[in-house]
Amino acid sequence: MALDSVLLAVIDTADSVSILDPAPSDGGGPAYWILNLFYLICCVTGVIFIVVQGMLVYCTVRFRKTKDDDDSEPPQVYGSTPIEVAWTVAPLLTVFVIFLVVVRTVVEIRVSKPPPNSLPVTVVGHQWWWEFRYPDPKNPEVDLAVTANELHVPAGRPIFLRLESVDVIHSFWIPRLAGKTDVVPGHPNHMWFRTKEAGLFQGQCAEYCGTQHANMLLNVYVDEPETFQRWLENERRPARDGFDVRKGKEKFLSLACVGCHTVRGTPARGLFGPDLTHLMSRRTLASGMVPNDQEHLHRWGG
Amino acid sequence: MSAEATTHAGHASSLPISHEKVGMISFLVTEAAFFTTLIMSYLYYIGKSKTGPQPADVFEDISVTIISTVLLLSSSITVHLADGAFKKGKHSVFVRFWFLTIALGVAFLVGTAIEWHGLIFEHDLTIATNFFRHDLFHSGRFSRFPRDARRADDEYSLLSGPVATRPARQDGKCGVGFVVLAFC
Amino acid sequence: MAIAEPESAIVSRPLPSILHEWVTTVDHKKLGIMYIIAAFIFLVIGGIEAALMRWQLIRPAEEILSPDTFNQLFTMHGTTMIFFVVMPLLIGMANYVVPLMIGARDMAFPRLNAFSFWLYLFGAIFTYYSFIAGGAPSIGWFAYAPLTEKAFSRDSSTDYWILGLLISGIGTVGGGVNFIATILCLRAPGMKLSKVPLFVWIILWTAFLIVVAFPPFTAAQIMLLFDRHLGSHFFDTQSPGASALFWQHLFWFFGHPEVYILALPAFGMISEVIPVFSRKVIFGYESVAMATAGIGFISLGVWAHHMFSVGMSRPLDIYFSGATFLIAVPTGIKMFNWLATMYGGKIILKTPMLFALGFLSMFLIGGLTGIMLAAQPVTEAVTDSYFVVAHFHYVAFGGILFAIMAGFYYWFPKMTGKILNESLGVWNFWFLLVGFNLTFGPMHISGILGMPRRVYTYHMFRPEWEIWNLLSTLGVLVQAIAFAIFFWNIYVSLRWGEPAGDDPWDAWTLEWATTSPPPVYNFETVPEVKSRRPLWDLKHPDDPDWKFEHF
């Protein structure tokens, strides 16, 4: 799949995937709390850096042997218990204080139960694409909708993700929304985030997962609640049938596609590849690598 | 700085034991670390197997197991006696105990073979069958895993005996280690 | 090869006889030199691998390397640098120096020593043979299951990785056993354990870590091998009950002490170089020694800070966070002791000292980003990004490799009888310092900007990553020049360098009491040791150390 750099520019892109730029939300969120902690530790380590590096430069310059020095040895100082105790205790206290802040942040971020009023979504990592399932709140065994690579969530509500993998370890990382959580086969993980702002938040798989790890991109579309509801309603419906799509349907069902892909409302029930029911509602193909337009779709489909 | 044992370079060692013994103890630490890892694995995976057979299903009759364990533990005593005799210069006593040790070791191996034959051919249980299984075999490949008492005993007798005269036993990895160290 | 030989011997003897002598040698000095030569060869190979990766990442969507090639390169780069470069460099230098420092004739088990070296070399060659046998492993140097299982890595490349490291690992364990026996039993008369040079004390703790941490790795590798070839399911998550995370626990239980197996000897070299070039006794010998022991023990209990994003339970995350913060304390103590040693001295800025200062400065940065990463939530944000790549290169390259350079410039005269050219050394230092910072400094930023590690490409729609990647790649060129100067310096100095004499740095430990290079038997007579600096006592009979040492 050769990358055509000119056409790539068509893809929606978020301005930033920086951890310094957490998504705005009322009452904070994981990315925001992490950044606060990051800044705090940066300040402490920054001071340590300036002090120690300053001492290093000072000693090097001040005690450098000059031409005027005779060959006598300087006074030999073997140590000093009070000084050594001081520079043992000082770092100990410093890291202890940081540790307390860390404990608070860990407790804030790492929740095992879904936050109140949260939307549950199941994320399934595949080599090399993402599957998103929206379980029915009344009956979690049943999925309302299944889609791939583009996660749609409503603004203003906490999103509670359950992370599963069907093959190797992946890692779910949207830097502006939360820290990364690994997607481990046989070990379901949970994470959550929230933002009050609609928009596109990007990231990518952050645990090396094989050949195409670099191209396992992630797009999270945060929609206004009404837009999200409309999107979800549309996704719930089986594929549109009718005279105008008959040719495409016959072609699809006659090829090997059905072995791997599902299109709800048709006999295609494959599970290996992404669900293609509402493919044309997605903006990208190939885990976010290329825009979903006619030309790319044609080339991707071969 | 009490005992000043002289070493090959003629220097005074500051330890009361020779460098051979220190080397052997360090080597045993590596062995202990190795087997601790396997034991940890066993504890980690215990009960994780969703399919049978479970230990109780295949160890209905553990008489062979008990007997071979007794033989194995006894061999540690006989090798210790052999070592003592060797140090005192009682050659014939040494030879007697040494061969007894070897015989006990062989008997243990035969017991293990019988046991494994039963597991593999009667219970159709191999390393690939389930969890309980492959951990057992895996550990058993290097030592008789379920009987970790043997390790402590083994290490004790190793420390008390000179390296070169101790016969390498069923523990393949140990054996290689002995050859290497004895060689030095 | 025969750089430790007197010149006449090289000329008068045919090559096969010299080769035979080196291949069959059990002399710790020759083995040490062979470790160093082999490690330098692998350093060049690992460096080329890194340069290729940087070339691929010089701009977005570059197509110089295929994804599979790139993945093989980062796997082999990490594996090579850790197992086939830094560790053998440290073991090789310790091999050469430790027996001399304690006034011994050789290591405790010379044949085991040779055996260890050849296992290392064969293990390394075996791992590299995978390139010929159909492709190198592409699993990352920590080989996370289940990517390493048969289902996801079908060819034999992963087996080469497992077996190659298993072989060289057994060699390393042999080295650990050997160092323990040597240091505990073969010290010169009067050299109590509290009077050994700090490098020797630190090697003793390194050997302890090797002996405790390597066998679990061996066990884990064997379990993985069983999974791949005998159908067991330890880490094969396709079968219920298997665990991907258990591999990570086993690997990092080895992998984190491994970091200190690399870092501690580097601290040891610094603890030798800084006093000699500051003309002062080490400040607080006892606290450096105790800090070493502290690091040794704590490093066995922090492994899961490499697993902060795998979804461990909250109490575990908090425990490993706290333990990791704790290890900053003994490391800080050492830092302050080195600075206090310089304070009030008469610092001679020769190449070994320059590299030692480079070490202090770069390791400080790596240590401080380490404190950031000890905080579990921060790790969630920046782990597996280029920030972490920057962090561990500041530790392993800016820290450990700079210390090795300091030690190499310091002991090269002892090993060869020639001093490395000083002005080339200064050029070497500055090029390496600039090149290193140019390469790895920007990685902090690209990581914070959201760039994950181990990606063979990145896309046009991330323009903010471009400049930092370009800078990183340019830094590689500067580093290449630095290493070219370094190897040229070795060549030039061996051929035309000035003779070193027994004690070119006016140093204080026993290795400088014999000739350069030392005879096969090391010492004709070992001076009696009464203090930690026996040669200081000889040079200053009116002001001997032993009057001031209490332990």
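Hi everyone. Between chain A and chain C, about 7,900 Å² of area is buried, and carbon and sulfur atoms give 69% of that. Please keep in mind that this is a predicted model.

The contact takes in 85 residues from chain A and 99 residues from chain C.

Now for the polar side of this interface. We find 32 residue pairs in polar contact across it, both partners at pLDDT 80 or more, along with 3 salt bridges. One salt bridge joins Asp70(A) to Lys346(C), with the closest N and O atoms 3.1 Å apart.

H2(A) gives the most, with 15 residues. By class, that side of chain A has 48 nonpolar, 25 polar and 12 charged residues.

Let's move on to the cavities. There are 11 of 30 Å³ or more in the structure. The largest holds about 220 Å³ of space, and among the 17 residues lining it, Glu272(C), Pro275(C), Ile282(C), Arg532(C) and Arg533(C) lie nearest its centre. Helix H8 of chain C gives the largest share of that lining, 4 residues.

The second largest cavity, at about 140 Å³, has Gly203(A), Gln204(A), Leu217(A), Phe461(C) and Arg462(C) nearest its centre. S9 and S10 of chain A each give its lining two or more residues, and the lining divides into 9 nonpolar, 8 polar and 1 charged.

Terms used:
Residues are numbered from 1 along each chain as its sequence is written. Chains are lettered from A and ligands numbered from 1 in the order in which they are written. This is a predicted model: local features need pLDDT of at least 70, side-chain atom pairs count only at pLDDT 80 or more; totals for chains, interfaces and linings use all residues. Side-chain values use heavy atoms; hydrogens and water are left out. Contact means heavy atoms within 4.5 Å. Buried area is the accessible area (1.4 Å probe) that two parts lose on being put together, summed over both. A salt bridge is a side-chain nitrogen of Lys or Arg within 4 Å of a carboxyl oxygen of Asp or Glu. A polar contact is a pair of N or O atoms within 3.5 Å; within protein, one must be able to donate a hydrogen and the other to accept it, and residues adjacent in sequence count only if both atoms are side-chain atoms. Ala, Val, Leu, Ile, Met, Phe, Trp, Tyr, Cys and Pro count as nonpolar, Asp, Glu, Lys and Arg as charged, and the others, Gly among them, as polar. On a 1 Å grid over the protein atoms alone, a cavity is a set of points where a 1.4 Å probe fits but cannot get out, and a pocket is an open set with protein on both sides within 12 Å along at least five of seven lines; lining residues have an atom within 4 Å of a point. Grid points are joined across faces, edges and corners, and a volume is the space filled by probe spheres set on the points.
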